[in-house]
Amino acid sequence: MFDPARLETLDAFLVDLNRASADVILPLFRADHGLEDKGGPGAFDPVTAADKGAEAVIRKLIGQRYPDHGVIGEEYGEDRPDAPFVWVLDPIDGTRAFIAGLPVWTTLIGLRFEGEPVLGSIGQPFLGEIFIGHAGGSRLIRGEASRPLKVRSGVPLSGAIIATTDPYACFNPAETEAWGQVRTAARLARFGCDAYAYAMVAAGTIDLVLEAGLKSWDIEAAVPVIAGAGGVVTDWRGDRIGREGGQVAIAGDRALLAQALPALGPAAK
């Protein structure tokens, strides 16, 4: 069984990981970032020296501090993925935003215990922000100061601010139709924020985010942040998300999510 008393030590280490990765990433933001394209013909899948360097330093620090922990990362794959504790890493979520010079990319660092996400962070070092959460609650760290995070509740879909990364690139036709129905019912939609939009759900400024085709490293770090702020993360049926991500709904209010689910259901996998 996971001992909640360990959270304080792991939480402090997570802050250290964010700051160490920021030291690698920030000199390359809006600079020569060494862009490579991992995509095949007709596809664009960017990776930069910042992605690789940040994941490398996070892995090094985890190995030094917790050599028995596993790691799963976007850039360097799996190392002891069946260990009791496993760190799940996306060094730069939103590489397209990063190469465009837009400060909405984030560093996602999550920790599983026996397969369950127990601790996570969404870091945006250019803005000096670390959104961090666990069962004890979520908070925003800026410099030496921090404040609690709380989702917005009681907002109907007709008054909601919603978001997705790119409905044209990330959704299949059925998902695009479902998104369009939710978008028509909502007050305002924003695009292109990747996981920074998840942080805004925890902060109470965005009400609902819909995504599809996610990997574990795209979403797992956000689950404790959203839960600790009072929100929910489900699949498009309203059920618990699978370990691999897939279709994901991030909502500040379960009642709001319930209003969106009828539109999402026909496209749910």
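1. Five bridges link β13 to strand β15 (residues 246–251), and the two run antiparallel. Within this pairing, E211 has V248 of β15 as its bridge partner. The model is a predicted one.

2. On to the sheet as a whole. It is open and has five strands, ordered β12-β11-β13-β15-β14. The pairing is mixed. β12 and β14 (232–234) are the edge strands, each pairing on one side only. From one strand to the next, the twist averages 20 degrees.

3. Next, β11 and its neighbours. Strand β12 (residues 188–191) runs parallel to β11, and four bridges join them. Here I161 stands opposite L188 of β12. β11 also pairs with strand β13 (residues 208–214), again in the parallel sense. That pairing has two bridges.

4. Which way do the side chains of β11 point, and are they buried or exposed? Strand β11 covers residues 161–164. I161 and A163 point one way, I162 and T164 the other. All four residues are buried.

5. Helix α6 (residues 196–203) lies across β11, β13 and β15. Its direction is at about 150 degrees to β13. Of the strands it crosses, β11 and β13 pair in the parallel sense, whereas β13 and β15 run antiparallel.

Technical notes
Residues are numbered from 1 along each chain as its sequence is written. This is a predicted model: local features need pLDDT of at least 70, side-chain atom pairs count only at pLDDT 80 or more; totals for chains, interfaces and linings use all residues. Side-chain values use heavy atoms; hydrogens and water are left out. Buried means under 20% relative accessible area, exposed over 50%, partly exposed in between (1.4 Å probe, protein chains only). Two strands pair if DSSP finds at least two bridges between them. Axes are lines fitted to C-alpha atoms, for helices over the stretch in contact, and angles run from 0 to 180 degrees between N-to-C directions. Contact means heavy atoms within 4.5 Å.
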